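Here is a short briefing for a first look at this chain. Look over the sequence and the model before reading on.

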Amino acid sequence: VHGDLSDVHKIYVIGAELGDEKFSMPHQSLGAGLVKHIAWSPKPANEILCTVGKKFVIYWYPFAKDKKYIICKMPSAGLVSDFFCAAFDKEGICYTGAASGSIYIWEKDGTTNRQVQCHEGVIFSLVYSGDQFYSGGADKKLLVHNAEDLATIEEHKFHASVVSIDFAQKPRRILAGLNDATIVEVQCEQENYHKILLEGHCDGDLSALDSYGEYIITAGEDNKIILWNYIDRTPFLSSIINKVAEKGFNTGGNSRFPDNQRCRVLTVNKKFDHVALATNKGELQIRESGFMLDNVLFRQNVAGPKLLTCMEYSSDGSKLAIGCIDWNIHVYAVERSGAYQKYGVFSGAEQTITDLDWTSNDTYIRALSDDFQMHFYDVAAKTKDKDGAINTKSLDWQTGSIRISWNTEGIYPKGCGGNHICSVAYSNDKTLIATGDMDDKLVLYRNPCRAGSKGKTLTGHSRDVVNVTFSADDTHIFTVGGSDRCLLQWKKVQFHSPKQT
């Protein structure tokens with residue numbers, strides 16, 4: 001059974017074996033809105049299910065011949081609450097978790113005369129097992145209750161709200177899903193030992209990505225910076241972008257965090273062990289890498305509150321180039337101590353700078369703007385070079401993030417525009433090109449990729465592949481999928497194509 005997110009908010013019952021629709025009905029016709037949770041009664045003869053949401057609890061009888069539903073009657077005393085979860089006990093009595101922190105007990109006729117205060121704030125999850133209930137809430141607690149009177153017999157405290165619960169017996173364990181994308185296993189027979197099974201990003205889009213030795217660094221729009229050990233495939237350590245949330249700054253999107261706690265761009269200075277990241281409020285932060293990720297060496301708003309779109313260090317680590325929506329490239333002079341000073345502002349583009357690269361000898365920067373025009377800048381002269389395409393013809397490029405170039409002419413499928421490719425990266429030995437696209441795919445090509453070249457297509461993300469990078473030894477590729485908030489790790493294998501250039 002499931003509910004949908006359409007304006008009608010339908011509920012469906014689907015056959016498990018054949019996938020055929022057994023029952024459907026719009027919530028909207030009953031005056032009910034979005035379904036927050038669905039629960040089946042354990043009584044097969046009753047074939048009852050319950051849906052809950054904003055100020056409603058509804059019993060459904062999808063296989064009954066006469067009545068199809070009962071709209072449960074809200075209590076006459078007190079405020080009518082929103083409901084976020086439901087569970088039935090072995091007798092077919094329904095329990096619902098409310099925004100008030102109370103568990104409501106409902107009779108089979110849809111009435112309630114009992115509420116038990118259990119949590120401080122919203123109850124997000126409620127599960128029944130044998131003679132116990134498990135509840136999780138916004139107060140970061142998972143409670144175990146006696147089923148008879150809902151008295152609390154165990155309490156487990158976490159660092160974030162508990163939004164999902166599962167359990168296992170022999171040995172007794174509890175799984176807690178938290179609202180910051182963490183899954184924790186509570187091993188009850190080992191003095192309630194908490195073991196983190198999964199961590200990740202939990203809000204907004206994930207696009208900031210770079211590699212550093214045997215580590216990968218990501219930063220998201222959830223106020224998190226995570227250093228991953230890709231050999232063990234586990235988080236090594238994490239930090240936050242800003243402790244204090246500033247009001248009045250929000251670029252929109254699907255994150256609940258303000259702009260000063262969101263990040264879309266970062267890069268690593270592998271010579272000086274610095275991590276540079278940009279908040280959505282336009283603040284540049286320089287941090288120490290590795291164990292000292294919490295240590296902020298430098299911070300400054302590069303161009304006021306204007307969004308920073310891309311950044312890259314020079315090969316010797318002495319300069320940092322930053323693209324901005326003000327159509328300029330802001331270049332900083334860098335010292336190992338963490339001192340950063342504005343070196344120059346390179347102008348001449350007529351749209352936002354989206355990608356940039358340094359030459360291997362650090363004498364030129366090339367950039368791509370939103371109108372898909374290439375721009376070349378003489379670093380020493382601090383000016384745009386109109387003949388840069390010719391003057392850099394004999395030079396090697398340290399990186400390959402530019403989506404439109406001679407080397408990447410063949411990465412665009414027939415009929416696709418420039419925005420189809422979201423990200424490009426060269427392997428460190430310059431033999432491969434990896435692209436992420438709007439079809440949620442990672443594609444590998446040999447370098448150069450000229451028109452007519454065929455690549456190796458890999459799938460795994462559910463959203464646009466907005467960033468891609470190689471490990472330092474080129475044995476792995478890493479991608480992030482924007483709004484799917486996933487970091488995927490790919491192991492490089494050799495491939496051969498008869499039509500590959």
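A residue counts as buried under 20% relative accessible area, as exposed over 50%, and as partly exposed in between, with a 1.4 Å probe and protein chains only. By that rule, 52% of the 501 residues in the chain are buried. This is a predicted model: local features need pLDDT of at least 70, side-chain atom pairs count only at pLDDT 80 or more, and totals for chains, interfaces and linings use all residues. Residues are numbered from 1 along each chain as its sequence is written, and side-chain values use heavy atoms, leaving out hydrogens and water.

**Overall build**
- Contact means heavy atoms within 4.5 Å. Among contacts between residues at least 6 apart in sequence, 41% join residues at least 24 apart.

**Nonpolar cores**
- A nonpolar core is a set of buried Ala, Val, Leu, Ile, Met, Phe, Trp, Tyr and Cys residues joined through side-chain atoms within 4.5 Å.
- The largest has 18 residues, and L284, I286 and M311 are among those with the most contacts inside it.
- Elements giving two or more residues to this core include β26 (283-288) and β29 (319-324).
- L284 touches residues including F298, M311, L320 and Y332, leaving aside those up to four places away in sequence.
- A second, separate core of 17 residues includes Y61 and F83.

Key:
Helices (H or I, at least four residues) and strands (E, at least two) are DSSP runs, numbered from the N terminus.
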